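Open the model in your viewer and keep the selection panel at hand. The stops below go from one interface to the next.

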Amino acid sequence: MAETVALLEPQTEEDFRPAFLDRLRNGDEVAHLVTLIFAAAILVIAALLVTELFGSSAEARHKFGWHFFFTSKWDPVAGQFGALPFIYGTVVTSAVALLISVPLGVGAAIFLSELAPPRISDSLTFIIELLAAVPSVIYGVLAMFALVPLLRDPIQPFLNRTLGFLPIFQGPSYGVGFLAAGVILAIMVVPFVISISRESLLAVPNEQREAALAVGATRWESTWQVVVPYARLGIIGSVFLALARALGETMAVTMVIGNTPQIVKSLFATGYTIPAVIANEFTEATEDLHLSALVELGLVLFLLTIIINGFARLMVLATTRRGTTHP
Amino acid sequence: MTPHRWRNFVNGLMFGLTAACALATVCFLFWILGFLIWNGGRSLNLAFFTHLPKPPGETGGGMANAIIGSAQIVLIASLIGLPIGFLGGIYLAEFGSGAFPFFVRYTADLLNGVPSIVMGLFAYAIVVRPMHHFSAFAGSVALSVILIPTTIRTTEQFLRAVPQTLREGALALGANKWRAIATVVVPAAVRGVATGMILGIARIAGESAPLLFTSLGNDYWSTSLSQPTSALPLMIYKYAISPYADWHRQAWAAGLVLLALMLLLNVGARLVLSPGAPRN
């Protein structure tokens, strides 16, 4: 074997060197190399992002360890940093957002893919996609001046009168707080739920619908018992993508959450979220430890959204065969 | 009710509910538009476009510096982000097969989902801290990091939509691969690629979170890229959370201007440039 290789090696090089030089002269290899370098820029950015976030948060990570996530005292003056109130606020507002946006979004997606005539469906989808393009600070302005007054007067007192036996609907109504942030987040993420769920539903083969109808199902039964289960991974994926959006949303939430680091059961109470505290305190932080704690919060946000998005992409991929790989 | 009629009733009810869901979502957009046009339209005047901001509490003034600042920051971000995204997209569509391109693609998708405020922290760490001050350039870097992953993916997507036969035709006529790409594939996909780029620019022009601690904001004209610079979304935030009624008025006006720009870019790009549209 060794002899064959020895015999072949010079020969292959003789064969390929001119061809390679030719291609280099033609520019194909150069084009390949240049575009490859730019594509690799993505990986460089990702690597830099991870190292910077880990590096800049080192001080807080070493000082507080895992306690950072389980203590709730956030006192920059005393150098005490516990992230629990922010984690609580982020989880509660995102949960409220999903509770509203998932039924609304999946319902709308079912209408758009199963019932509406194609032309109406396309134009409604176009309008819904425009909603996704509205900048978050504009949602914030609307939430402050239009949503908060509505919540303060008719809505929160009404919820308190009718469902006030639940601890989440008790306490004075300020308008701002977990509920306001959750509702505006719901409006912001619903276009993402709709467009991805709709794509997954449209990817269901027509034979599935026809088979269900042929055995006597109504259209709704065919949709709910056959089409939706068939597209379920894509729909779950859309929910995860919406969750990742809601977790990281900054401006609109900062404007209506009330910015008080506290853990309260009532949705009417004011609170704080991870992106909101970064937005509010980062430029004012003077102590290194304070900056480092804020970057650690950013790191948490980064890792959470990466994990959630990673799962979501795989699920969407499994149903629509689009997303990361191409057929 | 007989089972048959009950099932028909459920059928009608549930589809009625889904229609209501779709209608409610579409209504949000008109609610937003209506509110902004009503409040912003009343507040918009010429001074808004031509004057500098007044000190806190005084009425009048405008956001001329923020409009120019936004344009400046977005322009530099596009100059950095679009070429990188475009060339990377060419690699993924034309040269990429195997594990490495898959990895690049997946990373781009994940970066796409990273909250914009984290990108602000990143730009702070790599630009603001070494330079020791806030600057328009730092804001541009933050926005370009958001722009690159979307551009790379949309470019790839539209290049892939070009039929394989066009490439083969060019190669059969004796063109090299890069000539085929430059003279046949890219021109065939240029409308789609441009649409993707415009949508990307529209997205970063509305971002405020990544600018909070990179370009910071400025009440005066900023004369160079290394100075703190104001941007329209930053001004909306600052004015909306202030206690002054006149600033609230101007926040509405700025919101209307920003939204109009956003809708113009989106509708324009999708209707005029999309590959489905008839060629003129």
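**Inside chain B**

Between domain 1 of chain B and domain 2 of chain B there is 1 residue pair in polar contact, both at pLDDT 80 or more (a pair of N or O atoms within 3.5 Å, one able to donate a hydrogen and the other to accept it; residues adjacent in sequence count only if both atoms are side-chain atoms). On the side of domain 1 of chain B that touches domain 2 of chain B are 5 nonpolar, 4 polar and no charged residues; Ala, Val, Leu, Ile, Met, Phe, Trp, Tyr, Cys and Pro count as nonpolar, Asp, Glu, Lys and Arg as charged, and the others, Gly among them, as polar.

This is a predicted model: local features need pLDDT of at least 70, side-chain atom pairs count only at pLDDT 80 or more, and totals for chains, interfaces and linings use all residues. Residues are numbered from 1 along each chain as its sequence is written, chains are lettered from A in the order in which they are written, and side-chain values use heavy atoms, without hydrogens and water.

To see both parts, select 3–43 for domain 1 of chain B and 48–273 for domain 2; the bounds come from an automatic or database domain assignment.

**Between the chains**

Now show chain A with chain B: 83 residues of chain A are in contact with 83 residues of chain B (heavy atoms within 4.5 Å). Next select B:R129 and A:E52, whose side chains form a salt bridge at 3.5 Å, N to O (a side-chain nitrogen of Lys or Arg within 4 Å of a carboxyl oxygen of Asp or Glu).
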